[in-house]
Structure formats: C-alpha cells, structure tokens
Amino acid sequence: MNDLIFLGLNGYAWVTLLTLIAIIVWMIRRHQAPEVALLAGVTVLLVTGVVSEKEAMSGFGSEPVIIHAAFFVIIAALMQSGVLYWLTKHWLGNPRSYSNALWRLMLPVSALAAVLNSVNVVALFIDAVKIWSRKLNVPASKLLMPLSYAATFGGMCTLLGNSSNIVVAGLYMQESGEALNIFTPLVPGLVITVVGTMLVLLLHRQIPVRESPEQTFETTSDYTVELLVPTDNPAVAHTVAESGLMSVKGGSLVEIVRFDKEIIMPVSPTEYIMGGDRLIYAGQIAEILELKQTHGLVAADHHVWSLNEIDSNRKLRTAYVSFGSDLIGQRMAQATFESDHDVALVAVARGGHRVEGQPREVVLQAGDSLLLECPPKADEQLERENRRSLTFFQSHFVPTLGRRTVVAALFVALMFVASSTHLMPLMATTMLAAGLMMATGCCRMNNVSRYIDWELLLVLGSIVVLSQAITNAGIAEAIAAGVLSLCEDNPYMVMVMMCVVASLLSEFVSDVGACAIFFPIVWRQAMLMDCNPMPFVLSLMFSVAVSFATPLGSSTHMLIFGPGSFKFSDFARVGIVLHVVLLALCLVVVNLLYPLHT
C-alpha cells in the first residue's frame with residue numbers, strides 16, 4: 001500500500017484515516033459500547049498491515065492499561081477496608097445551606113479525585129450528595145453537577161486523577177523513554193481547580209433545577225405503572241368499578257391492554273376485568289404499588305397464573321440506563337433483560353417527567369431512570385451482571401473499620417511517596433501497592449473482579465494501538481507539516497490550534513480518545529520545530545480534560561446524567577464558560593512554566 005499515493009498520503013494512511021473516522025462516528029452516536037468500535041478498528045489496522053502483531057499486542061500490555069488494572073485493585077481495597085467510607089463520612093459533614101454545601105463538597109472531592117481518579121470519586125459520592133439534597137431541600141441536580149466539575153478539576157492535578165492523564169504519560173514514555181512524575185501536572189492543575197471552583201460558585205444559579213428520579217417515583221402524580229391481573233385473581237369477571245381497580249389515590253386507571261393486544265382507552269367503570277389483563281395506572285408510585293399488594297396484582301413482566309407465584313419479599317431499586325448500554329433503542333417488552341435477571345420494570349422516568357404509554361413499550365434512552373422490582377439479597381450480583389447496561393447507586397455496604405483501614409491508607413500514601421520521589425516508576429508502585437493490598441487481606445480476592453472495568457482496559461489498549469497506527473501511517477507527520485505551514489511555523493499558534501481542535505473533539509468522543517488521536521501529531525510538531533515537547537504534551541493533557549459542555553465528553557458527566565435527570569443541553573449552560581476560560585488558562589499557565597525552547 002506504500003505505492004498507492006493519493007493527495008500526498010499512501011494506502012496505509014488512508015486505511016487509518018477511514019478507520020479513525022468510522023470510530024469517531026461510532027463513538028459520537030453512542031448506540032454501541034466504545035470498546036467494540038475501537039477493537040473493530042484495531043482489527044482492521046492489524047489485518048491491513050498498518051500495525052504489526054507485536055504492536056497490536058503491546059498496546060494491551062502498555063503502561064496505561066497495567067496502571068489502570070492495578071489501580072482497580074487498589075480502589076477495591078480502599079472500598080472493602082473502609083477507607084473511602086471513612087472519608088465520605090467524616091470529610092463531608094452536615095452543611096447548613098446550599099452555598100456552604102458547595103464549598104464542603106467541591107474542595108474535598110477535588111482533593112480525593114487527584115488521588116483516587118475522578119470517575120471513582122464521583123461514583124462514590126453520588127449517594128451522599130442525594131442525601132444532602134434531601135436534607136437541604138434543594139434539587140440533587142444543583143449538587144451533582146458541581147460534584148462532576150470538582151472531580152474533573154482535581155483529577156487534572158496528578159497523573160492518576162484522569163484516565164487521559166495516564167494515557168498521555170504512557171505515550172510520552174513510549175516516545176521519549178522518560179517517565180513523567182506523578183505530580184508533573186500539579187501546578188497547572190491547582191490553578192485550574194481554584195479558578196474552576198470559583199467560576200462554578202459564581203455561576204451556580206445557571207445550574208438547572210431537575211427533579212431527581214427518586215423524588216419523581218415517590219411523589220409524582222403523573223407517572224405510569226403497568227400491572228398484570230393473574231388468572232385466578234378475584235377481580236376476574238367483575239367490572240373495574242366493582243373490583244376497586246378504577247382509581248388510586250393521586251391517579252387512575254388510564255388503559256387496559258388485553259392478552260390479544262387489544263387496547264382499551266379510556267377505561268369505562270363498567271369494563272370487565274379478564275385474566276392476563278395489563279392495567280396501566282398513572283398516579284403516585286407508592287399508592288399504585290400498595291394497590292398491587294392489596295388486590296393481588298403483579299408486575300407485568302410475564303403472565304402469572306396463581307397468586308401463590310407472587311414473591312412478597314422482592315424490593316424496588318432505581319437504575320439508570322448507561323451511555324453505550326445495549327438497552328438503548330430497545331423496549332423491555334421485546335428484550336429478554338427481565339427474564340434473564342429475574343427483575344420486572346415497574347416505571348420509567350425521563351428528565352423528571354412521565355414517559356407516555358406502557359412502561360415496557362417505552363423505547364429506552366441513555367439517562368432514563370428505571371424503577372425495577374428485584375429479588376431480595378441480589379444487589380451485588382445484579383450490579384455486576386448489568387454494569388454495562390445499567391448503573392445502580394443505592395449501596396448498603398458499610399465496611400468494618402479497623403486494622404485493614406489503616407494498612408490500606410498507609411499503602412496508598414507510600415505509593416504516592418515512592419512515585420513522586422522517583423524511588424520507583426508509577427507502574428511499579430501501583431502494581432506493588434495492589435499486590436500488598438491483596439497479600440495483607442485489605443482486598444478480598446473473590447470480590448476484586450466486580451471493581452475492574454474490563455471495558456475501560458480494552459479501550460485504553462485499543463487507544464494506544466490507534467495512536468501507534470497514526471504514527472506508522474505517516475498521518476501525524478503529514479498533519480503536523482500542514483499545520484506548521486498554515487501557522488507559518490509559529491509554535492504558539494500551532495499549539496493553540498491543535499489544543500482547540502482536540503478539546504472540541506473531546507466533547508464528543510471522550511478525553512481518552514482525543515488525546516490518543518492528537519498526541520502523535522503534537523509530538524511530531526514539537527520535533528519538527530525543535531521545541532521542548534513538554535508544553536505541547538501538557539497543554540494537550542489539560543485541553544482534552546476541560547470538555548464540560550456535553551455529557552459525552554466527560555466520564556463524570558455520564559455518571560451523573562441519570563441520577564440528576566439532566567437533559568443533554570443542561571451541561572452547556574455552565575460548561576461552555578468553563579471550557580473557554582479554562583482552556584485559555586491552561587495554555588497560558590503551561591507555557592509560563594515550561595518554555596518552548598530550552
């Protein structure tokens with residue numbers, strides 16, 4: 001393919017470009033898991049010879065992948081030993097007002113995100129924030145968005161804080177042979193954290209008010225629940241009015257769906273009840289579920305022939321449809337999700353408002369809140385089996401504090417000391433800390449797998465291979481040369497142009513994907529201009545992380561999207577201001593600290 005030249009690029013370059021475009025389109029649409037698109041792209045690059053087998057395999061054994069794998073074990077140990085439970089309990093306290101809550105939330109979260117990775121911190125604090133919102137009588141959305149911002153700000157301060165930071169550090173090591181210090185981004189990160197926090201506090205009135213799914217399920221008078229009439233129910237052969245099924249406190253029976261798909265709407269009080277009827281109620285969730293218990297109705301996931309089949313010990317849990325979930329675009333009535341996991345869909349929330357129609361016929365979207373009826377004592381298994389499709393946040397796990405708590409905290413502290421003082425490389429320190437956690441019993445081996453995000457490891461490995469392909473095919477050099485000629489070899493203009501484009505792309509394909517695409521290009525530009533590569537590398541690292549204007553660009557935004565009942569456009573209100581100001585700030589600060597020519 002080297003002999004096939006078109007518009008100055010050979011055949012390998014065009015294969016890589018087309019593959020890259022396909023991956024970006026796939027990731028922007030978000031209808032499928034990103035690791036599927038990336039692995040498909042790696043397969044194309046391997047089959048066509050753009051990357052060798054050794055290069056393809058080395059990506060999945062690269063530094064970013066190994067560090068993340070070890071860090072998942074460390075997080076598992078911190079959870080199981082009670083370190084994180086102690087921190088959330090004692091650091092947050094009990095705020096007396098909304099403004100006080102913002103300070104007490106953002107500062108500790110930023111500090112923890114620098115140490116424990118921003119995504120882990122947001123997932124940890126979501127439940128605490130929802131409890132705060134109820135105590136302060138403020139919508140959870142007013143606290144969840146600052147939580148996401150604070151975690152991202154703090155994550156910029158160390159290499160472990162954001163996944164993109166580790167990817168950039170790994171690519172830098174691959175190109176230069178030198179390892180970045182874990183605190184290399186600390187000073188610019190602190191400046192961004194301080195300025196970003198002040199901006200959020202100034203703009204907090206622009207944070208949208210959204211009703212949380214829990215409040216909606218508990219109080220709304222405008223929600224639908226679908227219940228099924230068992231064949232031997234006493235109401236069969238009686239009218240709706242006679243059986244007491246016509247109305248419920250705060251709502252009413254709005255529709256009946258017969259077993260032969262006949263839809264009766266509106267429902268007359270004289271309509272007869274038949275076995276297998278599906279009754280669609282709109283009203284207060286608690287009252288409808290009480291009607292279900294008192295009148296022998298069941299959740300409408302399958303036909304029940306006897307009242308003896310009803311399990312009264314089942315409980316309700318709220319889950320959120322994750323970005324990239326295989327449930328997106330599906331109806332529960334058509335999917336096998338309920339039967340596969342022994343759950344039943346009770347109600348659907350979207351943006352704090354009722355979704356019209358039968359809950360099991362609703363076409364699901366990312367961020368939808370689902371009220372599920374689940375079997376008792378199945379929390380861990382349910383969450384583990386459905387991590388890709390749904391996100392559960394109600395966790396009742398309270399660890400026992402003791403010797404393991406102190407030991408786990410000590411190992412983490414030693415990991416940072418060893419890495420920051422260059423006693424050991426970052427990869428070695430994280431692997432050693434993970435090994436010590438397991439050896440001392442801080443982390444139970446049989447539960448480690450539930451904390452490991454295998455999909456993220458596949459994404460990171462694929463990203464490294466993709467970055468290598470961009471270099472091998474000559475794309476990095478061609479784009480670098482083109483930008484240099486356009487900017488008249490002005491290194492500052494080149495840096496600004498590349499960082500602006502990278503930050504805009506990161507709003508739609510995530511920070512990890514953007515840094516992998518642009519790293520080989522900015523590195524090549526620095527080499528062609530004989531400049532110090534450090535300001536180019538760090539500027540890119542921060543540029544892809546300030547993607548606050550959409551939920552797609554930030555993993556922490558994706559986590560809060562469902563719990564906060566946000567709309568896609570909600571993030572632009574404050575996010576655009578943060579994106580522009582912090583992007584300009586990071587470029588200035590990095591260039592003040594690291595001169596272009598040494």
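This is a predicted model: local features need pLDDT of at least 70, side-chain atom pairs count only at pLDDT 80 or more; totals for chains, interfaces and linings use all residues.

A: Helices here are DSSP runs of H or I with at least four residues, strands are runs of E with at least two, and each kind is numbered from the N terminus. Residues are numbered from 1 along each chain as its sequence is written, and side-chain values use heavy atoms, without hydrogens or water.

Alanine 300 has a relative accessibility of 1% and therefore counts as buried (buried is under 20% relative accessible area, exposed is over 50%, and partly exposed is in between, with a 1.4 Å probe and protein chains only). Leaving aside residues up to four places away in sequence, alanine 300 touches Glu226, Leu227, Leu228, Arg278 and Arg360 (contact means heavy atoms within 4.5 Å). Arginine 360 is 60 residues from alanine 300 in sequence, yet their C-alpha atoms are 8.3 Å apart in space.

Glu226 and Arg278, among the residues that alanine 300 touches, also pair with each other. Side chains of opposite charge can pair when their charged atoms come close. The side chains of glutamate 226 and arginine 278 meet in a salt bridge, at 3.5 Å from N to O (a salt bridge is a side-chain nitrogen of Lys or Arg within 4 Å of a carboxyl oxygen of Asp or Glu). Glutamate 226 belongs to strand β1 (residues 224–228) and arginine 278 to strand β5 (residues 278–282), so the pair ties together parts that are 52 residues apart in sequence. Glutamate 226 and arginine 278 are both buried.

The structure holds four salt bridges. Another one joins the side chains of arginine 258 and glutamate 271, again given from N to O, at 3.5 Å. Arginine 258 sits in the loop between β3 (251–257) and β4 (263–264), glutamate 271 sits in the loop between β4 and β5, and this pair links distant parts of the chain, 13 residues apart. Arginine 258 is buried, at 7% relative accessibility, whereas glutamate 271 is partly exposed, at 23% relative accessible area.

Arginine 258 also forms a salt bridge with aspartate 277, where the closest N and O atoms are 2.6 Å apart. Here too distant parts of the chain are linked: aspartate 277 is in the loop between β4 and β5, arginine 258 is in the loop between β3 and β4, and 19 residues separate them. Aspartate 277 has a relative accessible area of 0% and is therefore buried. Taken together, Arg258, Glu271 and Asp277 are linked in a network of salt bridges.

Helix packing is the next element of the wider setting. Two packed helices are described by the angle between their axes and the distance between the axes. Helix α9 (residues 163–176) packs on helix α19 (residues 491–528) at an angle of about 25°, with the axes 9 Å apart (axes are lines fitted to C-alpha atoms, for helices over the stretch in contact, and angles run from 0 to 180 degrees between N-to-C directions). On the α9 side, the contact is made by Ser163, Ser164, Val167, Val168, Leu171, Tyr172, Glu175 and Ser176, and on the α19 side by Asp511, Val512, Cys515, Ala516, Phe519 and Trp523. This contact has nine nonpolar, three polar and two charged residues (Ala, Val, Leu, Ile, Met, Phe, Trp, Tyr, Cys and Pro count as nonpolar, Asp, Glu, Lys and Arg as charged, and the others, Gly among them, as polar).

Helix α19 also packs with helix α22 (residues 572–593), at an angle of about 140° and with the axes 11 Å apart. Tyr492, Met495, Val496, Cys499, Val500, Ser503, Leu504 and Glu507 of α19 meet His579, Leu583, Leu587 and Asn591 of α22. Eight nonpolar residues, three polar and one charged make up the contact of α19 with α22.

Aspartate 530, in the loop between α19 and α20 (533–543), has a positive phi of about 55° although it is not a glycine. Aspartate 530 is exposed, at 66% relative accessible area. Asparagine 117, in the loop between α6 (98–116) and α7 (118–136), is likewise not a glycine and has a positive phi of about 80°. Asparagine 117 is buried, with a relative accessible area of 7%.
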